[in-house]
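Visitor: I am new to this structure and would like a short tour. Could you take me through it?

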Amino acid sequence: MLERPKTVTGLPQDDRKADKRLVTFRGGGFTPKSGRYAGWTALALVIGLWQLAGSTGWINPLFLPAPSAIAVAIYKLAMSGALWHHVSVSVMRIGTGWILGTITGVIVGFAIGLSSLARGVGITFISALFPIPKIALLPLLILWLGIGEEPKIATIALGVFFSTAISVYSGVDQVPRNLIRMAQSFNVPFETIVRRVIWPGALPSILAGFRITASVALLLVVSAEMIGAQYGIGAFVLQAGNLMQTDQLLAGVVILSLFGLAVGRLINWLETRLLHWR
């Protein structure tokens with residue numbers, strides 16, 4: 001007796017046609033997905049529970065004021081004009097120090113990533129100076145630069161510089177060398193290789209470094225203002241803490257948090273614009 005033709009899988013030809021099923025794609029497990037509402041929902045839940053605990057008296061308002069009391073404090077500060085004065089002074093210091101530290105950090109980072117001589121010298125100095133708390137240098141910077149804005153800006157610039165330089169030369173090192181060799185094999189000029197190959201390849205690490213340096217600048221400006229400033233968010237928080245005005249103290253903390261959120265959204269926008277090729 002003749003047998004029905006078999007396939008490689010052992011099923012008859014007709015059964016194989018009837019057994020066709022769609023297979024779910026399982027390769028997207030590590031694809032980043034934007035949880036647009038999850039974070040805001042969790043934040044609203046925490047604030048709601050916090051307000052409930054404060055309203056029912058579970059938490060002493062002296063130790064932890066309710067969100068409504070903090071909102072009232074922010075409103076009063078905004079109406080009096082003190083809020084905008086403190087914020088504008090801090091933003092000026094952060095912006096100036098961050099720009100100076102970022103420009104020098106990018107230049108030094110690319111030099112270390114592209115030059116063997118610069119790598120040998122630069123990594124030695126960065127390894128020796130990076131662990132030093134930059135705020136500890138503020139008294140010395142005041143002695144050198146005088147009492148004014150210069151020591152605070154210099155402190156922020158130093159903190160931003162080291163983190164930027166490290167992220168830049170690490171990003172340059174992560175660029176696939178086969179792409180660079182391919183460009184060199186076609187006699188592409190060095191400047192074009194840097195602009196078209198190395199810069200796009202290192203850009204993800206550079207933008208990730210920007211996230212770190214923005215937080216570093218925020219920490220340093222608050223610390224510097226607490227030590228030697230009359231105006232600024234750090235000076236305002238210190239004064240409110242000395243007077244046990246915890247609602248105003250937390251109002252300053254909330255303003256710092258909002259500033260951090262704004263910087264994070266700005267960097268997200270930059271990543272969307274500059275890293276669309278990924």
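Aromatic rings and a helix

Guide: To begin, F130, F161 and F162 make up one aromatic cluster. Please keep in mind that the model is predicted.

Visitor: How many aromatic pairs does the structure hold?

Guide: There are 4 aromatic pairs in the structure. One of them joins W98 and F210 in an edge-to-face arrangement, 5.3 Å centre to centre with 70° between the planes. This pair links distant parts of the chain, since W98 belongs to helix α4 and F210 to helix α9, 112 residues apart.

Visitor: And F210, is that buried or exposed?

Guide: F210 is buried, because its relative accessible area is 15% and the cut-off for buried is under 20%. W98 is partly exposed, at 25%.

Visitor: What about F110 and W199, how are they arranged?

Guide: F110 and W199 form a stacked pair, 5.8 Å centre to centre and 25° between the planes. F110 lies in helix α4 and W199 in helix α9, so parts 89 residues apart in sequence are tied together by the pair. F110 is buried, with a relative accessible area of 11%, whereas W199 is partly exposed at 36%.

Visitor: Changing topic: which residues of helix α10 are buried?

Guide: Helix α10 covers residues 233-242, and its buried residues are I233, G234, A235, F236, V237 and A240.

Visitor: Which residue just after α10 takes a positive phi?

Guide: That is M244, whose phi is about 60°.

Conventions
Residues numbered from 1 in each chain as written. Predicted model: local features only at pLDDT ≥ 70, side-chain atom pairs only at ≥ 80, totals over all residues. Heavy atoms only, no water. Buried < 20%, exposed > 50% of the residue type's maximum accessible area, 1.4 Å probe, protein only. Helix = DSSP H or I, 4+ residues; strand = E, 2+ residues; numbered from the N terminus. Phe/Tyr/Trp six-rings, centres within 6.5 Å; stacked < 30°, edge-to-face > 60°.
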